[in-house]
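Colleague: I would like to learn how to read a fold from a coordinate file. Could you take me through one case?

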Amino acid sequence: MSHSTKKLDLTGQRFRHLTVLEPAENIGNRTAWLCRCDCGRKRVVKTYHLRSGHTGSCGCQGPSRKPGEDLPGLTYVDGTCVEMLRAKT
């Protein structure tokens with residue numbers, strides 16, 4: 001018995017400030033998408049992060065932040081706030 005799974009196509013969909021442009025190379029075994037932020041930057045994002053609302057911009061959105069500027073007192077690795085990850089556990 002064959003078990004086929006239809007791959008989700010998010011091309012053209014918007015997730016807050018991100019518009020999905022095309023499928024990207026998988027991250028590990030997770031499907032990923034090339035997205036363009038409203039600010040013009042492109043970023044590869046996993047499907048789960050888009051659909052869960054975890055990632056809604058390239059990282060440029062936030063209180064009084066300029067694109068690419070991190071919030072003081074927080075640790076960022078590849079645009080991800082380490083303290084936010086710790087808070088989820």
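Modeller: We go from the overall layout to the sheet, and then to one residue. Keep in mind that this is a predicted model.

Colleague: What pattern does the protein follow along the sequence?

Modeller: The order is β-β-β-β-α-β-β-α, which comprises two helices and six strands. Of its 89 residues, 24% count as buried. The accessible surface is about 6600 Å², and carbon and sulfur atoms account for 50% of that.

Colleague: In what order do the strands of the four-stranded sheet lie?

Modeller: The order is E1-E2-E3-E4 in an open sheet, and the pairing is antiparallel. Its edge strands are E1 (14–15) and E4, each of which pairs on one side only.

Colleague: How many bridges join each pair of strands?

Modeller: E1 and E2 are joined by two bridges; here phenylalanine 15 has leucine 18 in E2 as its bridge partner. Between E2 (residues 18–27) and E3 (residues 30–37) there are seven bridges, and threonine 19 stands opposite arginine 36 in E3. E3 and E4 (residues 42–46) share five bridges, with cysteine 35 partnered by arginine 43 in E4.

Colleague: Now the single residue. Is leucine 50 buried or exposed?

Modeller: The cut-off for buried is a relative accessible area under 20%. Leucine 50 has 2%, so it is buried. This residue belongs to helix H1, which spans residues 47–52.

Colleague: Which residues is leucine 50 in contact with, apart from its neighbours within four places in sequence?

Modeller: The list is Leu10, Phe15, Leu18, Val20, Trp33, Cys35, Val45 and Thr55. Take Leu18 from that list: leucine 18 and leucine 50 are 32 residues apart along the chain, with 8.6 Å between their C-alpha atoms.

How values were computed
Residues numbered from 1 in each chain as written. Predicted model: local features only at pLDDT ≥ 70, side-chain atom pairs only at ≥ 80, totals over all residues. Heavy atoms only, no water. Buried < 20%, exposed > 50% of the residue type's maximum accessible area, 1.4 Å probe, protein only. Contact = heavy atoms within 4.5 Å. Areas by Shrake-Rupley, 256 points an atom, 1.4 Å probe, with all protein chains shown as cover. Pairing = 2+ DSSP bridges.
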